[in-house]
Amino acid sequence: MDIFADLEAENERLEAILDSLDDDQWTSPSGAPDWSVADVALHLAQSDEAVAATVNSSADGSAWRMSAENVDDLAAAMVHGDRMIPVEVFARWKAARRASIAALRSAPPNERLRWAAAPLKPATLATTRLAEHWAHGLDITTPLGIEFPDTDRLRHIAWLGHSTFPYAFSLAGVEPRPLRCELIGPNGDTWSFGPPEVSARIVGLAGEFCRIGARRLAPIESHLSASNPDAQEALRLLRNYAY
């Protein structure tokens, strides 16, 4: 699966949705606390601009870790200090998301780019961008009652969630442990991550797994099966993004 093509496809889907909104929808509350739909799009524009700047070595993404308590706090401060009218936000994001993808495509594939929590290769950074655009797509479409069906692009996000379990455990001060995930994609395919012999397993719908990692669904509200206490703890700590 081409992560850059899939990131572009996810962005194009979101652009079509944003292009269909009227003024009232743009200024209505989103699913992100204290943010309007325009605020969500502004945050995506700002973070896409940061990607392009980081790839071009004109900014250090790791500085995010030094300028605020966490990435969420920094993002909120940046949005609060840079609000603009929706038409300007939309134009800014469209330019930023294209520049971001172009920069990631052009970057040497094995180069580690400075970012929020740790240096990332271009493909991995593109995966985090796909996860963020998808999660914020939920924030925009769910309150507005707009359809936003799951796609096979979630496979990238599921891989990211599984791959970052060690990071999630370390944030909680818990010793990482092996974990197996067997997830059902939107088309009924099974996506497996982790050693097959591991007893700690999470089984169920990939869409729910990804929503838990995005903190858009509580584990107790999902239908995912966790085989033992290690798997239950992993599900509780699952996250698709840096903190």
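**View 1. Salt bridges in the predicted model, with the pair Glu15 and Arg97.** In this predicted model, the count of salt bridges comes to 17. One of them joins the side chains of Glu15 and Arg97, with 2.7 Å from N to O. Because Glu15 belongs to helix H1 (residues 3-19) and Arg97 to helix H5 (residues 86-106), this pair ties together parts that are 82 residues apart in sequence. Both Glu15 and Arg97 are buried.

**View 2. The salt bridge between Glu49 and Arg92.** The side chains of Glu49 and Arg92 meet at 2.8 Å, N to O, and the pair links distant parts of the chain, since Glu49 sits in helix H3 and Arg92 in helix H5, 43 residues apart. Glu49 is partly exposed, at a relative accessible area of 32%. Helix H3 (residues 37-55) also holds Ser47, which counts as buried at 2% relative accessibility; a polar atom of the Ser47 side chain lies 2.9 Å from the backbone oxygen of His43.

View 3. Four strands form an open, mixed sheet in the order E2-E1-E3-E4. Strands E2 (190-193) and E4 (225-226) stand at the edges, each with a single partner strand, so one side of each has no neighbour in the sheet. Helix H9 (residues 206-213) packs on the sheet and touches E1, E2 and E3, while helix H10 (residues 229-237) lies across E3 and E4, running at about 55° to E3.

**View 4. The salt-bridge network that includes Asp230.** Arg177, Asp230, Glu233 and Arg236 are linked in a network of salt bridges.

How values were computed:
Residues numbered from 1 in each chain as written. Predicted model: local features only at pLDDT ≥ 70, side-chain atom pairs only at ≥ 80, totals over all residues. Heavy atoms only, no water. Helix = DSSP H or I, 4+ residues; strand = E, 2+ residues; numbered from the N terminus. Buried < 20%, exposed > 50% of the residue type's maximum accessible area, 1.4 Å probe, protein only. Polar contact = N/O pair within 3.5 Å; in protein donor to acceptor, adjacent residues only side chain to side chain. Pairing = 2+ DSSP bridges. Contact = heavy atoms within 4.5 Å. Axes fitted to C-alpha atoms, helices over the stretch in contact; angles between N-to-C directions. Salt bridge = Lys/Arg side-chain N within 4 Å of Asp/Glu carboxyl O.
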